[in-house]
Amino acid sequence: MSIRVLVTDGMDAGAMEKLRLDGFDVVEQFYEPDQLGTALRDFDIVVIRSATKIKEPQIDAAKGSQLKLIIRAGVGVDNIAVKYAEAAGIQVKNTPRASSNAVAELAIALLFACARNLSIAGHTMREEKWEKKAYSKGFELQGKTIGVVGYGRIGRLIGDKAQALGMNVLSTVHRNKPEGCECDTMHFVSMDELMAQSDIIALSAPAGDKPLVDAESLAKMKDGVVIINTSRGSNIDEAALLDALNSGKVKAAGLDVWLSEKEPNWALASHPAVACAPHIGAGTKEAQKRIGAELVDIIEHFA
């Protein structure tokens, strides 16, 4: 009997074809949360992205069945109850390397959009308005200091690209300091120093117990700071950020992730100083091919 693989949120077509040629029974089907747990009982492996959440209720429904592996096609696994799944005998894996460059490039793209008012300038052009005077007050990135919160695979790539643009990079260390990073244009500092010294703050850290950007942390930042978030929506207190944008404390924000993807904060998304996207960080052809190849490798080694 072939190993059955459920793909709920899409997957590179070439990767699915490779699995089928290798004898896997691959089914592409999205399930609503109240139906997912029961559906999982009929599969050995499930591959998910951001839309599908596998939490305690789904795991309880699938417990004791043939389901043995959950794979998150991406970096974060906060949409999976990892420890609960592992306690039920279900492995959890992800693809942390494949999309790192795509996410880092989007962070830089959002930063350029903020620096040159590209989002609102383009919007007004489509309304047939010539607002040259209003949007000719941007700033250059060269010489600015960017604080990258979270210096893992993605954070380090953001830092490397920022340095190539002539920027200075700060980050913090929570566990072991990554080797080979520090130089004249990159230093590790305390979180308070990062908040106080950075012209731009880019979030590249996993979700925590509380937002990294809230009213308290915003008060420690420079006036006119720029916030970039390509990590997790819960890393920002969206109400506090909106207040800071309205007051001018935050000059601009570039956001790819949101507290809720079903009901994004539309007031924040439509703010003239916000450049935003609907969670497309890993959405490049190259990244999806790399993710697909990594998924195939994980599944074939599991089998």
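The points below comment on the sheet, an aromatic pair, the pockets and the cavity of this structure.

1. This is a predicted model, in which local features need pLDDT of at least 70 and side-chain atom pairs count only at pLDDT 80 or more, whereas totals for chains, interfaces and linings use all residues. Numbering starts from 1 along each chain as its sequence is written, and side-chain values use heavy atoms, with hydrogens and water left out.

2. Seven strands form an open sheet with parallel pairing, in the order β8-β7-β6-β9-β10-β11-β12; strands are DSSP runs of E with at least two residues, helices are runs of H or I with at least four, both numbered from the N terminus, and two strands pair if DSSP finds at least two bridges between them. Because β8 (186-188) and β12 (274-276) stand at the edges with a single partner strand each, one side of each is left without a neighbour in the sheet. Direction ignored, neighbouring strands are turned by 15° against each other on average, the axes being lines fitted to C-alpha atoms, for helices over the stretch in contact, with angles from 0 to 180 degrees between N-to-C directions.

3. Within this sheet, β9 (residues 200-203) and β10 (residues 225-229) pair in the parallel sense over four bridges, and A202 has I228 as its bridge partner in β10. Helix α5 (residues 100-115) lies across β6 (145-149), β9, β10, β11 (250-255) and β12, and runs at about 150° to β10, where contact means heavy atoms within 4.5 Å.

4. The structure holds one aromatic pair, a term for rings of Phe, Tyr and Trp (its six-membered ring) whose centres lie within 6.5 Å, with planes under 30 degrees apart counted as stacked, over 60 as edge-to-face and the rest as tilted. The ring centres of Y151 and F188 are 5.7 Å apart and the planes stand at 90°, so the pair is edge-to-face. Since Y151 lies in the loop between β6 and α7 (153-164) and F188 in strand β8, the pair ties together parts that are 37 residues apart in sequence.

5. The largest pocket has a volume of about 1,200 Å³ (on a 1 Å grid over the protein atoms alone, a pocket is an open set with protein on both sides within 12 Å along at least five of seven lines, a cavity is a set of points where a 1.4 Å probe fits but cannot get out, and lining residues have an atom within 4 Å of a point). Of its 47 lining residues, V75, I154, S204, A205 and P206 are the closest to its centre.

6. The one cavity of 30 Å³ or more is lined by N229, G233, I236, E238, L241, L255, V257, W258 and L268.

Technical notes. Grid points are joined across faces, edges and corners, and a volume is the space filled by probe spheres set on the points.
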